[in-house]
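Here are my notes on this one, as numbered points. Have the model open while you read.

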Amino acid sequence: MKRAILATLVLILWVASGVTAQDLFLTNARIVDPAAEQVRDGNLLILDGRIAGSPERAPADFAGETVDLGGKWVIPGLIDLHTHSYGNMAPGDAFEGPGTPVIANRMLYAGVTAFLDLFGSEQSLYALRERQQAGEVGGADLYASLSCLTATEGHCTEYGTPTRVMDSPEDARRVVADLATKRPDVVKIVYAPAGRMPSIDRETLAAAIATATENGIRTVIHINTWDDVRDAVELGASAVTHVPFSEVIPTELAELMASRGVSSIPTLAVETDFRAFVTDTTVLDNPLARALTSERIIEAYRTDEVRAHAEEMAAEAKGRRATILSSVKAMADAGVNVLAGTDSGNWGTIQGFSVHRELAIMVEAGLTKWQALSAATTRAGEFLGREVGVTEGSVASLVVLEASPIEEIANTQRIDMVIHHGEIVDREAIFAGGS
């Protein structure tokens, strides 16, 4: 009952408090610039929710707040490009569904200042995003596909949440054009012809991508196989999400993705982190993980039944993980734009926390810490058409860390302060409602 009351209070706070920028002058900072791959010592002036420069001193007429960071590290706010923001789910039907408003606040607590929801309640997400963009509500910035475009009885239809279906090129043109009137931030399309569920065909995919492109909307294609990826790339998709695990990506396909500018959102957390949740107690005993979900979700990974299943599948999971990580490294080496997205809302993820796990797994795969950090900041922002960074003109959504993420990527979890559109976030208030 107490938790429900606290969550309700946070929801009221979220609805009542839109984004209100405060002018800030951050001094004695170690500024981590993922785009330039450099760290510089200096100051950051924030005016009207944006970074106005790095002057040696505040302007003479500055009336805002000066904050001495004492040598702490400043990175751009993190972005998760694949979420389902209703809540968290775990084995044994463990479920925690506080809804997107509460999750958006928890995201801020975790240093995630924006996220892309790739399928939920279309009308709810649309209404919430409109209110947020109007400045009526707060939380991490919500971007959304609003719906999931799939075949009749295809993937996304099994969850009981209404979605949009299309079974022909004519359907695709009509469905995408209608969805475009709601200005989705991306169009998500399920394309898995060799999968166990019905799928649209190549011609329907082509029509859907073309119609989205005509309307100036990027496309994210859910795929199962490398043949699916090839079709999506050849037809002009903006990004593919997930990584096939039957074999490592063919070299020429990675090169084709890079040459066509098709991004990969591999969702390493959902694909590879389940076993760590079960067998490595330090993962879910992490204070950040515990702050961001319920005890029921955490304990669901610790039952004898779940542990036995994880051990039974250990060899298969190890091989699958190795293949996926090798493919991500191959894509990065070929110049593919690899971006951070967790598929949170599924087993093996926790909203907000799994972004940090995603970065650690990217580094384990062989990406540099700069590549991993930019995948969840500057390059993720570019994908959304958002000015993300630590330079003049960037949106002032930042995370202050106690230690360098370039020395150790796990230091992204050592959060001292979160700034969202120029406003210092009251993380303790969020923690009270989200724990």
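**Notes on strands and rings**

1. Strand β13 (residues 186-190) runs parallel to β14, with five bridges between them; strands pair here if DSSP finds at least two bridges. V187 has T219 as its bridge partner in β14. This is a predicted model, where local features need pLDDT of at least 70, side-chain atom pairs count only at pLDDT 80 or more, and totals for chains, interfaces and linings use all residues. Residues are numbered from 1 along each chain as its sequence is written, and side-chain values use heavy atoms, with hydrogens and water left out.

2. On the other pairing, β14 and strand β15 (residues 239-241) are parallel over three bridges, and I221 stands opposite V240 in β15. Helices (H or I, at least four residues) and strands (E, at least two) are DSSP runs, numbered from the N terminus.

3. How covered is β14 (residues 218-222)? Four of its five residues are buried (under 20% relative accessible area; exposed is over 50%, partly exposed in between; 1.4 Å probe, protein chains only).

4. Now the rings: Phe, Tyr and Trp (its six-membered ring) pair if their centres lie within 6.5 Å, with planes under 30 degrees apart stacked, over 60 edge-to-face and the rest tilted. That rule gives five aromatic pairs. Y86 and F95 are stacked, because their centres are 5.7 Å apart and their planes at 10°.

5. F277 and Y301 are edge-to-face, since their centres lie 5.1 Å apart and their planes at 75°. F277 is buried at 1% relative accessibility, and Y301 is buried at 0%.
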